[in-house]
Amino acid sequence: MGYIGKLLHLVDNEADVYCKDTPLMDAINRVITNLHYPVASMAATSEDDSLYPIAVLIDELRNEDTQLRLNSIKKLSTIALALGVERTRAELIPFLTDTIEDEDEVLWALAEQLGNFIPLVGGPEYASCLLPPLENLATVEETVVREKATESLRMIAGDHSPADIEKHFAPLVKRLSQGDWFTSRTSACGLYAVCYPHVSVALKSELRMMFKCLCTDDTPMVRRAAASKIGEFAKVVEMEHLKGEIIPLFNSLANDEQDSVRLLAVEAGITIAGLLTESDIESLLLPMFRSAASDKSWRVRFMIADKFIDLQTAVGPTITKNHLVFHFSGLLKDVEAEVRASAANKIKEFCTNLPADIQEAVIMPNILPAVKELVCDTNQHVKAALASVIMGLSPIMGKDNTIQHLLPLFLILLKDEHSDVRLNIISNLDSVNKVIGIHQLSQSLLPAIVELAEDPKWRVRLAIIEHMPLLAEQLGVEFFDEKLNSLCMSWLVDGVFAIRSAATSNLKRLVSIFGLEWAQNTVITKVLSMARDPNYLHRMTTLFAINVLAEVCPPDVIAKFMVPVISNLAADAVPNVRFNVAKTMALIVPSLDSHTIEFQIKPCLTKLHEDEDMDVKYFADEALVLCH
């Protein structure tokens with residue numbers, strides 16, 4: 001469709017769009033007027049040509065199809081480029097400010113686009129022209145739109161000069177902060193930190209007063225927003241105002257009647273703690289942290305348990321030893337399982353972060369008793385969280401304490417009825433082995449591991465297989481052959497395909513660990529003997545094992561031991577076995593010499609090429625191509 005045809009199409013479908021009394025509409029109307037004079041329209045000025053993209057934009061923005069409107073918004077940068085920076089500032093931005101009322105998805109996309117619009121309006125000196133549409137978007141009802149608008153405002157604030165911040169951005173923050181609807185006031189909370197450092201002393205004082213009003217707002221949603229941003233605001237406020245004004249506001253939020261406000265204050269408190277000295281933390285913030293750790297709302301206690309390592313880092317070792325250890329122990333014994341699980345997940349990191357000279361003195365009387373209770377917890381998620389970190393206590397507690405106190409707990413968790421608890425213990429065996437040695441490990445934990453290797457749940461068996469190379473490397477070849485070799489071979493004939501597949505991959509990793517001589521004496525013979533098994537699935541497993549072993553075996557071993565077995569299976573009665581023979585031959589051909597290919601592989605594949613089964617013929621043909 002030509003230029004005139006496109007405009008005619010627009011006029012036929014959306015003629016009323018072009019009737020508004022604006023400079024932009026007048027210009028577009030001039031283009032439409034040219035439709036009465038085809039010859040003249042063919043010689044239309046470049047100015048008129050440039051109006052077509054904005055006409056398309058207006059057309060699509062008014063379309064009933066939300067997707068079309070969304071696509072139009074996503075093309076705003078292209079349209080702005082076509083219009084140029086002056087017309088984008090003078091026409092497009094006002095249009096977006098005044099006329100956009102749409103679905104939340106469209107408004108979100110618009111808020112995102114405007115955050116990257118500074119180059120399209122002429123650079124940082126014109127950044128303020130983007131504030132009006134974003135201010136509108138920051139007041140809408142939908143939370144995600146407001147958040148995206150606030151994010152874009154924060155982005156473009158960085159491109160404002162201090163003068164423009166004071167002239168344009170700070171007034172916007174004031175308007176939002178004093179809005180009638182809570183939506184604008186919640187958005188304002190996120191803008192103080194980017195505005196405050198760049199304004200005058202008098203305006204800073206005014207901003208602090210307005211932020212105080214937001215912290216004490218009647219609407220809980222506004223107080224939540226203030227609680228989530230007060231830590232960020234505290235970073236840019238001068239120290240005297242931090243102690244004199246911001247911390248009292250923080251404490252009021254930390255004691256708010258709404259638990260949704262109090263839990264957000266926890267993270268803010270950790271941020272503020274990072275700005276203060278230990279003595280200031282102890283006098284100004286510690287009461288709040290104590291209160292949060294024993295808050296009547298489990299959600300607040302969960303939040304402080306979840307952020308406990310950050311809190312430990314922020315307050316330092318002295319306060320941790322004197323005050324936080326007690327509260328951490330209390331969280332490990334909390335009445336709510338979610339809180340216990342969150343705290344249990346932090347045990348290793350909390351203990352690791354303690355100064356080395358006090359680790360044992362803190363852990364033995366305070367942490368270990370709680371850990372012993374958690375091992376027998378009634379909630380599986382708590383035990384799973386504990387099992388994922390408890391092995392990491394071994395290097396901290398040392399060999400004697402591990403053997404005396406931790407090994408019994410490991411055994412209890414290894415025999416737990418829930419598979420995820422057992423798996424988490426198995427996944428971290430290496431940290432224990434480094435502390436107590438393989439002999440002690442084999443005597444205490446290996447029987448339980450062998451028992452798990454025969455677990456009725458195949459996912460448990462699969463996890464054991466995945467960790468077998470790690471165990472093999474730690475145990476050594478003699479111990480492995482004595483205790484675990486037969487187990488590894490039994491997995492090759494497991495009833496679940498995923499287990500058989502993992503077992504073949506396991507063999508490859510074991511060969512890499514123990515070497516080719518061990519493989520020839522121990523593994524390869526046993527694997528190849530499965531080619532005579534009555535069960536065709538086991539015969540196929542032989543081929544799968546050859547596929548992975550061929551990657552770590554030299555060509556002479558492949559030709560001498562594997563090729564004859566593969567050739568015999570080419571005559572198997574089951575088509576699935578035969579086409580897997582062809583696939584295996586295709587894999588090993590690059591590793592074989594020309595003599596073996598010519599006199600053993602090609603004759604076999606030629607015979608398979610004449611097979612009555614179409615799949616066998618297909619894979620045989622593919623392998624023959626590789627041979628040639």
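User: Which helices cover the buried residues of α39, and how should I read "buried"?

Analyst: A residue is called buried when its relative accessible area is under 20%, exposed when over 50% and partly exposed in between, using a 1.4 Å probe and protein chains only. Helices are DSSP runs of H or I with at least four residues, numbered from the N terminus. In this predicted model, where local features need pLDDT of at least 70, side-chain atom pairs count only at pLDDT 80 or more, and totals for chains, interfaces and linings use all residues, the cover of the buried residues of α39 includes α37 (536–549), α38 (555–569), α40 (594–609) and α41 (614–627). Residues are numbered from 1 along each chain as its sequence is written, and side-chain values use heavy atoms, with hydrogens and water left out.

User: How many residues of α39 are buried?

Analyst: Helix α39 is mostly covered, with 10 of its 14 residues buried, among them Val577, Phe579, Met585 and Ile588. An α-helix has 3.6 residues a turn, so residues three or four places apart point the same way.

User: What span should α39 have?

Analyst: The expected span of a helix is 1.5 Å times one less than its number of residues. Helix α39 (residues 575–588) should therefore span 20 Å, and its end C-alpha atoms are 20 Å apart, which agrees.

How values were computed
Helices (H or I, at least four residues) and strands (E, at least two) are DSSP runs, numbered from the N terminus. Contact means heavy atoms within 4.5 Å.
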